[in-house]
Amino acid sequence: MGKVAVGLAVGVAVAACAVATMVVGRRIRSRRKWGRVFGVLKDLELSCETTVGRLRQVVDAMAVEMHAGLASDGGSKLKMLLTFVDKLPDGSEKGTYYALDLGGTNFRVLRVKLGGTRSSTLEHDVHQQDIPQNLMTGTSEVLFDFIASSVKEFVERETDDSKLSLDRRRELGFMFSFPVKQTSVSSGTLLKWTKGFAIEDMIGKEVAGCLEKAMTKKGLNMSVAALVNDSVGTLSLGHYHDTDTVAAVIIGTGTNACYLERTDAIIKSQGLLTASGGMVVNMEWGNFWSSHLPRTVYDTELDADSPNPNDQGFEKLISGMYLGDVVRRVIVRMSQESDIFEPISSKLYMPFILRTPLIAAMHEDDSPDLEEVGRILRENLEIPDVPLKVRKLIVKVCDVVTRRAARLAAAGIVGILKKIGRDGSGGITGGRSRSDHRMRRTVVAMEGGLYTEYTMFREYLHEALTEILGEDIAKHVVLIKVTEDGSATGAALLAASRSSYPVDNVRLL
């Protein structure tokens, strides 16, 4: 009996040891698993690092590229396109003006009534119209006839207090968000289509002329007073509200910037004269690149898989089109290193399934159990039952990617200010401030959902702006959010400001 007891005790001990070994083994494997996952996160953080020193290097690089782009065409990644806009709205505009916003699968027509004094709220009417798919690949005549018909119907709905006399020619600001070679403030030729349009007979044609021809055919007495893109429209609205506005930045699905430059600094167009001595320059800053920009393996993969590799490098780091997919690619890498996302859905491997608004929603989830994070992973990526520890990890990934984007956008803005002498450095490289340099109040108009709707992105951008400039200089720089339909409203305001100057104020000697 004693031998049996001893044997039983030994058996229990062996079993206990086996269980203990299994538990320890599981803990070791779990630690290794999480170690690999946190290794991915650590590598991401290091690759996305944006110290103030690095950001100031980006500032200097942006200013240098701006100089190069103004010196010669093709001399820089920045196109630095002339807009021929030499006068911006200042609040004195009066009358009823129109805008047409064409830049995607729909277009908007807008009517603005101006009273001759600056108003914090602009009364306007808007009509949106979808474009049938067949018109996006048909002929230019059919497309513009369709648009002109819609504009005419909108004009005919003018109320009594906004009606113009029948014999007066109405004026319109045309916001055309496709690549155009501008030839005057109100004309330009189409270089290429994007966003699903493929109307071959339109390439090389003068854009405003096609619209005016169609409107005349429809019996509509209306002229294009200004042909602009969305960043110029945003700058126009910003300047209407605050004449200290010197630049505009769009950070949404895509990104771009424009600013007011001295004409004598535009070396590639020597002999350019304007009544104001300045001109708005469209930077096309999405194509900016510098070796100082922090790039990860995920950015490299995304760029290689994109329809335009080695193009729009800055845009792929900071705009809403791409942030969500960078996060998705990080999650894929983590899933390959461990089983924390099992079972893995095929949706995780679908490019751009994780859109940036979803990233913002997860990043800003303040519920104790991160319920919104769990819902998005479950409903959009089909990853069920994600533990809280993993949800926190996802939020951290969103934070790292978003913070990098916002801080780089801030560096881009300071680069513009440096180029025009509004960063407090007095032209000194490296971002050092001068105590003897008097800083003027400087306003930048901001538009785009990433900035206006994503609170954490906006806060990180403001934080970086202060870090780069220093508090003493940053207090003189104001970022203002433009209202909904802001850039289109700006196009109408630009038409109004041009209406006061029937003679072209821009000419080449």
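Guide: First a definition: strands (E, at least two residues) and helices (H or I, at least four) are DSSP runs, numbered from the N terminus. This is a predicted model: local features need pLDDT of at least 70, side-chain atom pairs count only at pLDDT 80 or more, and totals for chains, interfaces and linings use all residues. Residues are numbered from 1 along each chain as its sequence is written, and side-chain values use heavy atoms, without hydrogens and water.

Visitor: Which strand supplies the largest share of the lining of the second largest pocket?

Guide: A pocket is an open set of points on a 1 Å grid over the protein atoms alone, where a 1.4 Å probe fits, with protein on both sides within 12 Å along at least five of seven lines; lining residues have an atom within 4 Å of a point. Both β9 (245-251) and β10 (255-262) supply at least two residues of this lining. The largest share is three residues, and it comes from β10.

Visitor: How much space lies in the second largest pocket?

Guide: A volume is the space filled by probe spheres set on the grid points, which are joined across faces, edges and corners. For the second largest pocket, that is about 370 Å³.

Visitor: Which residues that line the second largest pocket are closest to its centre?

Guide: The lining has 18 residues. The closest to the centre are Val246, Leu260, Glu261, Gly278 and Arg422.

Visitor: How many disulfides does the count come to?

Guide: A disulfide is a covalent bond between the sulfur atoms of two cysteines. The rule here asks for a pair of cysteine sulfur atoms within 2.5 Å. By this rule the count is zero.

Visitor: Is Gln312 buried or exposed?

Guide: Gln312 sits in the loop between α6 (297-305) and α7 (313-318). Its phi is positive, about 55°, although Gln312 is not a glycine. Buried means under 20% relative accessible area, exposed over 50%, partly exposed in between (1.4 Å probe, protein chains only). At 18%, Gln312 is therefore buried.

Visitor: And Asp385, buried or exposed?

Guide: Asp385 lies in the loop between α10 (371-380) and α11 (388-419). Asp385 is not a glycine either, yet has a positive phi of about 50°. Its relative accessibility is 72%, so Asp385 is exposed.

Visitor: How far apart are the end C-alpha atoms of helix α8?

Guide: The expected span is 1.5 Å times one less than the number of residues. With 18 residues (320-337), α8 should therefore span 26 Å. The end C-alpha atoms agree with that, at 27 Å apart.
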